[in-house]
Amino acid sequence: MSDDAFGELMSSLNPPLVVVTTAVARKRAGCLVGFHTQSSIDPSRYSIWLSKANYTYRLAVQSRYFAVHFLQRADMQLAERFGTLSGNDTDKFQDLDVGAGPDGVPLLSACPHRLVARRTALLDEGGDHVCVVADVVFAESPAEFEPLRLSQAEQLDPGHGNEERQQPGG
Ligand SMILES: Cc1cc2nc3c(=O)[nH]c(=O)nc-3n(C[C@H](O)[C@H](O)[C@H](O)COP(=O)(O)O)c2cc1C
């Protein structure tokens, strides 16, 4: 299988983009995520995949609650902030209107289409991302919306490359 074919196949699916946030001990983190999906109907579960290179991943291994904010077409600036900056050296929440959910999980007021979920499992099967499986605690979506999709954000340079993740034994 060629890497190009796999990449083209995946990008032709043109997934919607979300901002995933979490918090632990008053520390907040969040990043732009394209790897995410519903993973159970009953119970309601949602899964997201976080890169081991990300600051958000490092908080996520200790946190319990995650907010998944579904971006709209007009949310390009939020996509850029959460997808290209890193919590390693920036407070991405500065100057944003942010509420607090369970355990202080950040809720972005600008993103009314969202869910909050409590982690039930963290799966690391050796790839460059880990899977967070979570029970949906609540979801809200005040009206229909047009999601921001990968094809609109392809020019964004992610805050980390895969090579930044800690290697096994590293
Ligand atoms: C279009 C796009 C999609 C992305 N998808 C994911 C993803 O599915 N999972 C992930 O962990 N990071 C993803 N990223 C990368 C992070 O959002 C990015 O590296 C961010 O700067 C990490 O911030 P942090 O270090 O504060 O966690 C994506 C970035 C872009 C631009």
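This is a predicted model: local features need pLDDT of at least 70, side-chain atom pairs count only at pLDDT 80 or more; totals for chains, interfaces and linings use all residues.
The largest cavity takes in about 40 Å³ of space. Rolling a probe the size of a water molecule over the atoms is what shows where such empty space is left.

Who lines the largest cavity? The residues are Tyr-46, Ser-47, Ile-48, Phe-66, Val-68, Leu-115, Ala-117, Val-132 and Ala-134. Strands S4, S5, S8 and S9 (129-140) each put in at least two residues, and S4 gives the largest share, with three.

Now pick up S5, residues 65-70, and follow it through the structure. Six of its six residues are buried. In a regular strand the side chains alternate between the two faces of the sheet, and here you can check each face in turn. Tyr-65, Ala-67 and His-69 sit on one side, Phe-66, Val-68 and Phe-70 on the other, and all of them are buried. Phe-66 and Val-68 are also among the residues that line the largest cavity.

S5 has strand partners, too. Strand S1 (residues 18-24) runs antiparallel to S5, and five bridges join them; in this pairing, Thr-22 has Phe-66 as its bridge partner. S5 also pairs with strand S8 (residues 114-123), again in the antiparallel sense and over five bridges. There, the bridge partner of His-69 is Arg-114.

On to the aromatics. How many aromatic pairs does a search of the whole structure find? The search turns up two. One joins Tyr-46 and Phe-70: their ring centres are 6.0 Å apart and their planes stand at 85°, so this pair counts as edge-to-face. Because Tyr-46 belongs to strand S4 (residues 45-51) and Phe-70 to S5, the pair ties together parts that are 24 residues apart in sequence. Both Tyr-46 and Phe-70 are buried, and Tyr-46 is one of the residues lining the largest cavity.

The other pair is Phe-82 with Phe-93. Their ring centres lie 5.5 Å apart with the planes at 65°, so this one is edge-to-face as well. Phe-82 is in helix H3 (residues 76-84), while Phe-93 is in the loop between H3 and strand S6 (98-100), so the contact links parts that are eleven residues apart in sequence.

Conventions
Residues are numbered from 1 along each chain as its sequence is written. Side-chain values use heavy atoms; hydrogens and water are left out. Buried means under 20% relative accessible area, exposed over 50%, partly exposed in between (1.4 Å probe, protein chains only). Helices (H or I, at least four residues) and strands (E, at least two) are DSSP runs, numbered from the N terminus. Two strands pair if DSSP finds at least two bridges between them. Rings of Phe, Tyr and Trp (its six-membered ring) pair if their centres lie within 6.5 Å; planes under 30 degrees apart count as stacked, over 60 as edge-to-face and the rest as tilted. On a 1 Å grid over the protein atoms alone, a cavity is a set of points where a 1.4 Å probe fits but cannot get out, and a pocket is an open set with protein on both sides within 12 Å along at least five of seven lines; lining residues have an atom within 4 Å of a point. Grid points are joined across faces, edges and corners, and a volume is the space filled by probe spheres set on the points.
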